[in-house]
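I am opening the notebook on this structure.

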Amino acid sequence: MQNLGILFDWDGVIIDSSKLHENSWEILSGIRELIGELKENGIPYCIASSTPKANIEAVLNKVGAKELFPNIVAAEDVSFGKPHPEVFLKAAQTIGIAAKNCVVIEDAMDGIEAAIRAGAARIAIRSTHRHKEFLHAHLTVDTVKDLGIKEILSVHASHKSDYDKYSKLSKEDAHFRRGSVKGNVEFRADLLVASEGRGVSGTVTIRWEQKKEASIWLDYRGTELGQVLLDGKEILPDWKGGARLILPKTESGFHTVCINIRVESNRSGMGLTLVNADQESFLYTNFVPMEASSLYPCMDQPDIKAHFQLSLTCQKDWLVITNTREAQTVETADVIRHDFCKSRPLSSYLWHFSAGNFVSVSYEGQSSVPMRLFFRKKKQAYLDHDVIFSLVDRGVLWFEKFFGVPFPYEKYDQIFLPGFYWGGMENAASVVLREEILFESPPSPEQLFDRGNLLLHELSHMWFGDLVTMKWWDDLWLNEAFATWVSYRAQRDFKEFGNAELVFLEDVLHKAMDEDDLASTHPVVVDCPDTEQAFLNFDAITYQKGACLIQQICSHLGETRFSQGLNHYLQSYFDKNADLNDFLTAFEDKDLHKFSEQWLMSTGYPTLKYSLNGDYRTEEFENRDYYPISRKLVEVKDESFVFLNLDQKGYGRVYIAGLKDSSLIECIKSCPEPIFKLGLLQQYWNGVWHLEYSVPQYLGIVCSLAENNDFVLQAGIRKLLQILSMRSDLLDYSLCQNLGKTVYFASDQQNRQAFLLWIHSLYLKKDRKSLCEIRDGLELRLEQKRALELNLAGLGEAVSYSLDSSEECRLHNLRLELIQAVRLEPKSTLHGLMNQKLGNHTLDSATFGKVAPSYFWCAESSMVSEYFVCVTKLLKQPLDMVLKHHWLNSMFPGRYGKQALNCLPQILNEDPSLSDRRTLIRWQSLIQNWARLCL
């Protein structure tokens with residue numbers, strides 16, 4: 001019926017043992033009827049008792065009710081009696097329902113307390129106790145006869161509502177608590193890792209100074225709540241909804257709470273996560289935005305910083321990393337305890353630890369900051385640690401100079417984890433990164449640039465986000481937008497992996513405007529009412545558009561003055577919290593507040609259309625000031641042209657009216673600076689976007705630049721792919737053929753976009769002969785064991801292969817064969833083809849990402865439903881990550897978006913991973929954006 005389970009106490013609920021002679025034993029009145037209702041509604045249930053199982057079964061046999069209770073957890077199944085919650089936790093596990101979704105029916109105070117500590121809803125049967133004694137029960141009734149399915153569902157709904165309400169933190173509640181806590185928060189965790197990393201248990205101690213008399217609460221959504229001592233006295237806090245520990249009212253001054261906890265690990269990538277790879281285990285935490293409270297009781301909001309200290313006991317072959325240096329280790333026969341130093345003030349979401357079968361490498365460079373890398377053994381052969389350390393070391397020096405503030409922590413660790421959901425997480429001094437950036441094949445310049453950008457992005461957070469942290473999630477953009485902008489800015493000076501200024505335009509500016517065109521856009525600065533909404537703001541508007549507006553501020557102030565303002569900001573709020581107003585005020589420029597209103601708090605962007613005639617003039621930018629419009633004079637033969645915003649420092653679409661194609665081509669060729677070439681091409685593209693020019697005109701210009709074979713050409717082709725994915729009828733075969741042949745065999749890495757465009761035109765023309773010739777050429781390269789980067793499958797996919805292993809060679813050949821078969825034989829069913837070619841091979845997520853999109857783009861529209869059926873059968877993991885990265889972001893805005901959208905509800909219903917509320921919230925946001933793109 002629903003995600004609900006019932007846990008029955010034994011004595012006083014099912015049987016009354018106060019009648020001592022066994023001949024008088026009987027099931028209490030109302031129990032049989034209640035069990036009948038539960039069965040009728042498909043609700044599982046279990047006896048959870050400290051009575052020996054033999055006694056329970058003897059009584060059930062005596063009264064002829066054994067068949068009514070197939071599930072029993074009794075004294076021999078647990079190590080601790082009530083009020084310890086173990087019996088209810090095991091009973092919930094027995095019926096396959098989380099304890100927080102169970103309703104406990106009890107008649108004793110110890111039982112109610114155990115249910116509270118298990119996070120379950122509580123119904124009390126009044127027998128030896130009065131109603132008012134069951135203060136912490138959701139419902140109290142006189143007898144079981146007064147209890148039916150209606151009352152149980154009401155209690156369950158109330159408890160669920162409490163959990164939904166208190167498992168997130170509202171801005172108002174956070175502000176209230178911050179007003180009651182003066183600060184000086186000390187946090188200590190003494191934790192023991194369970195066998196095989198299944199969870200942790202132990203004691204958490206929190207000390208804080210209170211400003212005034214108040215009832216303080218702690219956020220906690222762990223598995224189990226044990227003994228709670230407040231200022232040395234045991235208390236039973238109200239564990240509201242199994243999510244919020246409400247403490248008794250306390251006076252101003254210092255207070256200490258000591259809490260026993262137990263938490264099970266999960267595989268979601270959030271909270272306390274356990275991941276296994278190659279028979280090795282890795283346990284790590286990921287706490288943004290409010291996941292710290294899923295592990296330990298805390299004040300889980302960014303503007304209450306604490307000094308954290310950890311002692312973690314685990315198996316001897318594990319390494320442990322946290323935000324601080326290790327002070328000592330203490331070994332016993334079976335385990336080892338790692339004691340760490342106390343941290344400087346940190347927000348709860350920035351505290352972190354990782355533990356597992358890591359290998360480590362250390363480094364000390366010119367910055368004098370001790371650095372370490374942690375990774376699993378399999379990755380050691382691919383670890384280019386010298387490149388990573390060198391880049392990060394130079395990054396430390398660059399940021400110290402740019403910010404005017406020394407690196408704020410005593411060391412810097414980078415932890416590479418298998419299966420990590422995001423690119424990276426900026427835990428103070430212990431950054432977590434996805435291990436895929438330890439390349440197993442020779443990386444392309446683009447891959448090296450992207451990795452460098454990620455490493456510098458997370459490094460910059462040590463100052464901007466960790467040292468100085470936002471007060472509330474309204475200002476998430478400031479953390480992420482600044483880190484996005486400054487990582488590109490640092491790479492521009494390093495000049496190691498390419499022109500960062502050009503890549504910024506492609507990766508950040510243009511993507512931000514594309515996102516800003518959607519109905520789903522929102523202001524960069526948003527009113528974030530609670531932590532649930534905060535999670536939805538990790539998007540392109542927050543990161544990319546925010547970075548563009550940071551660049552505008554820098555351009556307006558000048559880089560020297562901007563750097564000085566950053567120094568003032570970081571020094572003023574050192575180890576503290578700040579908001580947007582604090583940031584803007586630090587630059588001592590009153591115009592920035594007006595800028596904030598016009599740009600940061602509004603949506604969309606201005607558009608400027610201009611002409612190159614003699615009476616040149618600009619138009620107003622929708623009453624938005626401080627738009628850094630640059631002017632560039634370009635002379636071609638006897639003509640002079642004045643262009644606006646060619647450096648693209650201004651955030652908006654600028655395009656030229658009435659410019660001849662031949663003049664544009666000559667201007668592009670005459671510009672020595674690549675950024676101006678790209679600016680000209682982008683402005684012409686903006687003219688296509690606004691119907692000033694046609695796609696065939698644009699294609700002709702791109703093809704005329706083929707001999708340049710540079711970043712500008714690649715950017716032009718990417719724009720073509722963007723529109724041709726929806727309007728393939730506009731593609732000119734002969735032009736694409738000339739372009740493809742010009743660049744095809746010149747360079748694998750730099751020309752894959754042009755090659756892709758050619759392949760797409762061949763497919764549309766059904767040119768089987770040419771496709772087979774290209775396939776043969778690729779297979780020849782494969783035999784020569786050359787690293788290859790290509791895109792045959794369709795639009796938006798770029799796949800890198802290392803050809804050193806026979807398995808990857810097999811997959812590569814398989815992929816080529818499938819592409820040809822499906823493209824040239826569209827009548828063959830997708831499902832049969834996949835089964836025939838794959839056989840019994842089980843696809844992991846990485847291989848799926850390489851192979852499966854090929855089928856999708858090769859399929860006829862009628863095959864889309866079959867494709868989704870295949871996906872659900874082939875995947876051996878939750879769909880969320882693969883869907884997000886391989887489908888939503890690159891494929892569905894194209895040909896089959898509407899059909900795929902119609903297939904989605906069935907797939908979501910079949911995916912057990914989506915029972916998690918946070919996952920559903922992420923999906924809700926993705927689907928909304930997706931629907932706007934597709935429909």
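I began with the packing of helix α16 (residues 661-670) against helix α18 (residues 695-704) in this predicted model. I found an angle of about 35° between the two, and their axes are 11 Å apart. I noted the crossing of α16 and α18 as right-handed. On the α16 side, the contact is made by Asp 661, Leu 664, Ile 665 and Lys 669; α18 contributes Gln 697, Ile 701 and Ser 704. I sorted these contact residues by type and got three nonpolar, two polar and two charged.

Next I looked up the nonpolar cores. The largest has 197 residues. Which of its residues touch the most other members? I listed Trp 208, Tyr 296, Leu 459, Trp 485, Phe 562 and Phe 643. Helix α9 (residues 476-494) supplies the largest share of this core, ten residues.

I then took Phe 562 and left aside its neighbours within four places in sequence.

Last, I recorded the totals. The protein has 935 residues, and 58% of them count as buried. I counted 29 helices and 34 strands. Of the contacts between residues at least 6 apart in sequence, 70% join residues at least 24 apart. The accessible surface comes to about 37100 Å², and carbon and sulfur atoms account for 48% of that.

Key: Residues numbered from 1 in each chain as written. Predicted model: local features only at pLDDT ≥ 70, side-chain atom pairs only at ≥ 80, totals over all residues. Heavy atoms only, no water. Axes fitted to C-alpha atoms, helices over the stretch in contact; angles between N-to-C directions. Helix = DSSP H or I, 4+ residues; strand = E, 2+ residues; numbered from the N terminus. Left-handed = near helix turned anticlockwise from the far one by under 90°. Contact = heavy atoms within 4.5 Å. Nonpolar A, V, L, I, M, F, W, Y, C, P; charged D, E, K, R; others polar. Core = buried A, V, L, I, M, F, W, Y, C linked by side-chain atoms within 4.5 Å. Buried < 20%, exposed > 50% of the residue type's maximum accessible area, 1.4 Å probe, protein only. Areas by Shrake-Rupley, 256 points an atom, 1.4 Å probe, with all protein chains shown as cover.
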